[in-house]
Amino acid sequence: MKASLILLALAGSIYLGDTEKILQTANKNVITGAAVNVKLLTENELYRKLVEKEYNSLTPENAMKMASLQPREGSFEFSNTAALEDLALNAGKKRIHGHTLIWYRSLPQWVKNWETQALPSGMTRAQKMDSVMSVHIRTVISHYDNPLSIYKDDLGKPLLKSWDVVNEAFDDNGNYRALPEASNQENGGSIWYRTIGKSYIKKAFTYARTTAEKNGDTGLKLFYNDYGHDYSVKKLDSIYKMVMALKQVKVNGKPIIDGIGMQFHININTSVENIKNALIKMKSTGLLIHISELDISLNKAGLPFPTEILAIQKQKYKDVAMLYRKYVPANQRWGITLWNVGDQDSWLTYKGSDQVDAACLFDLNYQRKPAFFNFYDGLKLDIPAGY
């Protein structure tokens with residue numbers, strides 16, 4: 001068999017990989033990206049070549065989170081992202097999407113300590129945490145906006161085009177995360193909310209926009225990123241109200257927020273109607289819409305995965321792409337980013353040593369799965385009237 005053909009057997013069917021079907025060229029109006037493991041870029045040649053081939057936008061899975069970039073207070077480590085930047089530059093990627101400046105998780109221990117340890121004289125807890133947040137945001141944005149950096153596109157603009165400024169501020173009931181992470185509250189609470197209050201979100205976006213403008217990076221796009229749009233109406237409404245309020249806040253006449261990241265960590269039971277309604281609601285904000293962390297879980301069905309479940313997953317990948325194209329105008333699309341590249345590096349695949357899921361477009365050996373072709377068709381083909 002010719003090397004250009006990939007023989008892939010899954011669920012009793014055989015698929016021949018068409019080398020003309022490449023995600024990043026499927027639709028010029030939908031940039032297609034992946035959340036990548038920076039370590040794998042340097043250690044796994046197959047992984048790196050696949051990322052080079054298929055995607056024109058890159059999101060660091062973990063390498064730009066606070067624990068990675070500022071492991072000790074005031075000590076920033078940016079070398080871990082060099083492999084990502086090198087690949088983006090040398091492979092001609094359209095952009096890097098930064099993830100994430102402020103989150104309630106992936107915090108270094110020194111940040112957590114400031115919730116209880118003695119404060120500098122004359123400083124309140126809120127002031128200290130505000131300072132921590134401000135220094136982190138200003139330093140990180142300034143680093144990637146550095147005019148001396150080699151990581152620029154063909155127009156001389158930074159390759160890092162956008163940031164998830166604040167990540168996952170609300171719980172599933174649409175309330176600000178408040179309780180400590182060790183509590184029974186869904187996925188824990190936010191130290192930022194507990195110490196600063198809900199104004200931390202507005203402050204974070206203001207620091208980000210002010211820094212970008214000061215550095216002359218007038219095109220930097222700033223996003224609020226979250227999940228649950230597809231299953232929690234309360235959360236959807238809370239996000240909507242918050243971003244609409246943020247739109248009214250301006251720096252140099254420019255709103256401090258540009259877009260919404262809709263994660264879409266969905267599963268085979270996720271309602272297509274709910275996906276549609278969430279896209280319509282968020283589109284109505286007038287902001288950019290980024291499907292920012294797409295994967296479709298089999299609900300940890302475990303091996304062997306039933307054929308009928310794989311068929312639902314395939315169709316849902318196509319549905320997401322079609323719905324995004326139909327309900328989000330081209331001028332509001334920031335693109336679709338797949339979370340992880342293949343099942344081998346997916347956060348969902350294993351429970352211990354047992355494979356319990358297969359949520360990605362590529363298998364454990366980074367070969368295309370049938371879902372790849374459905375997703376490609378969803379990006380490429382005319383949208384049927386039924387959508």
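Me: A salt bridge is a side-chain nitrogen of Lys or Arg within 4 Å of a carboxyl oxygen of Asp or Glu. How many salt bridges does the structure hold?

Reply: This is a predicted model, where local features need pLDDT of at least 70 and side-chain atom pairs pLDDT 80 or more, while totals for chains, interfaces and linings use all residues. Side-chain values use heavy atoms, leaving out hydrogens and water, and residues are numbered from 1 along each chain as its sequence is written. The count of salt bridges is 14.

Me: How many residues apart in sequence are the parts tied together by Glu54 and Arg368?

Reply: The two side chains form a salt bridge with N to O at 3.0 Å. Both Glu54 and Arg368 are buried (under 20% relative accessible area, 1.4 Å probe, protein chains only). Glu54 belongs to helix H2 (DSSP run of H or I, at least four residues) and Arg368 to the loop between strand S15 (E, at least two) and helix H12, so the separation is 314 residues.

Me: At what angle do the axes of H6 and H8 cross?

Reply: Axes are lines fitted to C-alpha atoms over the stretch in contact, with angles from 0 to 180 degrees between N-to-C directions. The axes of H6 (residues 125-144) and H8 (residues 199-214) come within 9 Å and cross at roughly 30 degrees.

Conventions
Buried < 20%, exposed > 50% of the residue type's maximum accessible area, 1.4 Å probe, protein only.
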